[in-house]
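Welcome to my notebook. I looked up a handful of things here and wrote down what I found, one entry at a time.

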Amino acid sequence: MPTLTKVTELRHPRGVVGQIAPWNYPLELSVGDALPAFVAGNAVVMKPDTETCLTALWARDLLIEAGLPAEVFQVVIGEGPVVGPEVVRHADYVSFTGSTRTGREVAQGAAARLVGVSLELGGKNAMLVLEDADIEKAAAGAVRACFSSAGQLCISIERLYVHESVADAFLERFAARTRAMRLGTSLAYGADMGSLVGARQLETVTRHVDEAVAAGARVVAGGVARPDIGPYFFEPTILDGVTEPMSVCGEETFGPVVSVYRFTTDDEAVERANATPYGLNSSVWTKDGRRGRAVAARLRTGTVNVNEGYAPAYGSVQSPMGGMKDSGLGRRHGSEGILKYTEAQTVAQQRLLPMAPSLGMDDEKYAEFMSRSLRLMKAFRFR
């Protein structure tokens with residue numbers, strides 16, 4: 001009751017946050033998730049991927065140098081199946097970024113202890129090129145969306161849906177840009193795409209492409225490994241004629257491979273883009289911003305980018321980022337990215353009159369008094 005009841009919402013730290021971070025963006029997806037946990041008053045025990053654990057250790061040193069108490073940030077190193085379950089078993093809250101399969105295991109472990117969890121998991125992200133899109137810009141954007149970091153982003157585009165009226169023109173331009181990409185091992189500027197992370201990733205990419213080609217798909221660009229450049233290089237690859245039984249159609253590749261499909265109406269494009277267990281990121285290309293936002297609202301993904309692949313949504317750190325369906329639970333970034341690391345508590349102080357009959361009123365008069373009071377407050381918008 002206004003005036004009579006004073007309500008305060010408190011946010012308490014959860015305690016020790018257990019974070020399990022992947023290899024592909026070893027600074028942003030480790031310390032980038034730890035910082036809001038610290039802001040919310042928690043300690044962090046982080047298990048980075050062994051492929052990139054030096055980055056997490058380096059970042060911890062920098063934070064301690066900047067004044068963070070050393071004891072509130074611990075990094076534990078070891079194999080995922082060994083160390084990961086122990087982090088989940090002891091944390092007061094769990095933050096995980098990785099595969100959907102492992103995410104389910106993390107969620108089950110947290111649920112058994114009734115502790116909260118946030119999960120950013122896999123994706124089979126779609127890009128929709130509508131008939132009124134700027135084809136040149138869309139082709140250039142597709143290169144960025146599909147092949148940055150050799151496609152090793154959870155939010156990379158792996159499915160391209162192009163309106164049939166512009167499909168040939170788009171594919172011609174996209175393929176030309178893809179074939180012109182420079183592969184290289186240098187850490188300096190110059191190369192357009194680098195290496196896959198290791199042998200397992202190369203095996204997955206090779207298997208998806210070879211299976212698709214054997215089943216009738218056509219390689220428009222790329223399609224082969226490049227051991228002459230480095231042991232884990234694979235050319236940026238465009239596939240046409242991919243059908244549902246092929247692994248590359250529905251499974252996350254996590255490499256420089258994209259499949260092209262044609263559609264006739266917006267409804268068809270939306271339906272086919274949504275026809276996946278995943279729902280992490282998507283992209284819509286059109287010259288009509290209002291139309292693009294309307295199509296975006298129908299896509300079942302946690303982020304949608306209009307006229308870009310993924311960078312605007314991910315870079316807008318005041319807004320939440322995460323997945324729907326099998327792509328995860330919870331969000332990073334924005335207020336949700338901090339509040340998830342807190343426990344909400346409501347403290348309500350009653351003043352002057354109790355929440356019960358008083359001043360000589362019986363139950364019936366008290367009920368009538370409350371009903372009239374509520375009607376008056378609504379009428380005068382008093383809250």
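**Entry 1: cysteines**

I looked for disulfides (pairs of cysteine sulfur atoms within 2.5 Å), and the count comes to zero. A note on the source: this is a predicted model, where local features need pLDDT of at least 70 and side-chain atom pairs count only at pLDDT 80 or more, while totals for chains, interfaces and linings use all residues. Residues are numbered from 1 along each chain as its sequence is written, and side-chain values use heavy atoms, with hydrogens and water left out.

**Entry 2: aromatic pairs**

Next I searched the whole structure for aromatic pairs and got six. My rule: rings of Phe, Tyr and Trp (its six-membered ring) pair if their centres lie within 6.5 Å; planes under 30 degrees apart are stacked, over 60 edge-to-face, and the rest tilted.

I picked Phe 38 and Phe 73, whose centres are 5.3 Å apart with the planes at 70 degrees, so I noted the pair as edge-to-face. Phe 38 sits in helix α1 (residues 31-39) and Phe 73 in strand β4 (residues 73-75), so the pair ties together parts 35 residues apart in sequence. Helices (H or I, at least four residues) and strands (E, at least two) are DSSP runs, numbered from the N terminus. Both Phe 38 and Phe 73 are buried.

I then turned to Phe 147 and Phe 174, a stacked pair with 6.0 Å centre to centre and 10 degrees between the planes. Phe 147 is in helix α5 (residues 135-147) and Phe 174 in helix α6 (residues 167-179), so I was pleased to see distant parts of the chain linked, 27 residues apart. Phe 147 has a relative accessible area of 0%, and Phe 174 is buried at 0% as well. Together with Phe 170, these two form one aromatic cluster.

**Entry 3: helix α6**

Which residues of α6 are buried? They are Ala 167, Phe 170, Leu 171, Phe 174, Ala 175 and Thr 178. I found the buried residues packing against several elements, including β7 (125-129), α5 and β8 (157-163).

**Entry 4: a glycine in a loop**

I found Gly 216 in the loop between α7 (199-214) and β9 (218-221). Gly 216 is exposed, with a relative accessible area of 55%. Leaving out residues up to four places away in sequence, Gly 216 touches Gly 241 and Met 246, where contact means heavy atoms within 4.5 Å.

**Entry 5: the sheet**

Last, I traced an open sheet of six strands in the order β4-β3-β2-β5-β6-β14, with mixed pairing. Two strands pair if DSSP finds at least two bridges between them. β4 and β14 (328-329) stand at the edges with a single partner strand each, so one side of each has no neighbour in the sheet. Strands β5 (residues 93-97) and β6 (residues 116-120) run parallel, joined by five bridges. I noted Phe 96 standing opposite Leu 119 in β6.

Terms used:
Buried < 20%, exposed > 50% of the residue type's maximum accessible area, 1.4 Å probe, protein only.
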